[in-house]
Amino acid sequence: AERRGLAQSGVSVRVSRLESAVVARLLVRSRRASVPNEAGARLLPYARALLALEARARVAVDQRSLAVGASGNIAAYLLPDLVRGYTASMRAERVGIEVSTFPNPELVRRLRDRLLDVALTEWMPSDTELRGVPWRHEPLTVIVPPNHPLAAAGTVSFDRLALEPMIGGEPGSGTATLLREAFGEEAAKLQARCSFGSTEGVKRAVMAGLGVSITLRIAVQTEVAAGTLVCLDLAGVRLMKTLHVVQRRADRDAAPAARFAAFLEQQRLPA
């Protein structure tokens, strides 16, 4: 009540109406506090999602705001320069861009739920309600610390790499799928011994000598230039990850999302 600037009795009335609507008690009330019961706890994430959707609907009406979601790698290493280029090209029309970062599966869910206007993903979702356009083809590389025995080799065979402790990164990025496509069942030999949840964490772990990893080459350009990491090619195979611009099919012509997607597609790089 204090946060919303309402009388306590007004909040109580609204909660009672909500409980009547869902035909369930939602709070455990006492003199000291009111907390969600089991039913209230189940409803809470849906309520938050509905409020977020309402906020997005209000913003969408004026078409001056854009919600963009991207995987961690895209958001960190590609999106800042692209957003700068887009906003520079749209000086005559001021559009606020809100960028959020989520794992790829969560991006797809949020796009489907209209919490995002455009998603930049590391694989193409199979959802028929979504339309994805291949956007960039980014090479993957093996990274090792500069004092590693393989650092001077330039390339490494799959069998030799399988002997190294592997470090995993952001879940749901599609890298494991690419490895299975390239090496079949043998790819299971590269199962991560530990995972750090993000490319930045992976890079720090490799620098610390905890193991080696496979990541987007663009993500390690700064460290390679500084000499704190070394890139190796996998012998006999070129691992490329295709990035996608994804929208809802029903809304693909809606501005400003359509303009932003068109701008990104103009930046498309060949394989």
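User: Which residues of H4 meet which residues of H10?
Analyst: Leu79, Leu82, Gly85, Tyr86 and Ser89 of H4 meet Arg259, Phe260, Phe263 and Leu264 of H10. Contact means heavy atoms within 4.5 Å. Helices (H or I, at least four residues) and strands (E, at least two) are DSSP runs, numbered from the N terminus. This is a predicted model, where local features need pLDDT of at least 70, side-chain atom pairs count only at pLDDT 80 or more, and totals for chains, interfaces and linings use all residues. Residues are numbered from 1 along each chain as its sequence is written, and side-chain values use heavy atoms, with hydrogens and water left out.

User: At what angle do H4 and H10 pack?
Analyst: H4 (residues 79–89) and H10 (residues 257–266) pack at about 120 degrees, and their axes are 11 Å apart. Axes are lines fitted to C-alpha atoms, for helices over the stretch in contact, and angles run from 0 to 180 degrees between N-to-C directions.

User: Which residues of H4 are buried?
Analyst: Leu79, Leu82, Val83 and Tyr86. Buried means under 20% relative accessible area, exposed over 50%, partly exposed in between (1.4 Å probe, protein chains only).

User: Why are they on the same side of H4?
Analyst: Because they cover an arc of only 100 degrees around the axis. The arc is that of the directions from the helix axis to the C-beta atoms.

User: And what is on the face turned away from the buried side?
Analyst: The exposed residues Asp81 and Arg84 are carried on that face of H4.

User: What do the buried residues of H4 pack against?
Analyst: Their partners include strand E3 (65–70), helix H3 (72–77) and H10.

User: New topic. Which residues touch the most other members in the largest nonpolar core?
Analyst: Leu120, Trp135 and Leu161, in a core of 45 residues. H10 supplies the largest share of this core, five residues. A nonpolar core is a set of buried Ala, Val, Leu, Ile, Met, Phe, Trp, Tyr and Cys residues joined through side-chain atoms within 4.5 Å.

User: Last one: where is Val23?
Analyst: Val23 sits in the loop between helix H1 (8–22) and strand E1 (27–29). Val23 has a positive phi of about 55 degrees although it is not a glycine, and counts as exposed at 73% relative accessibility.
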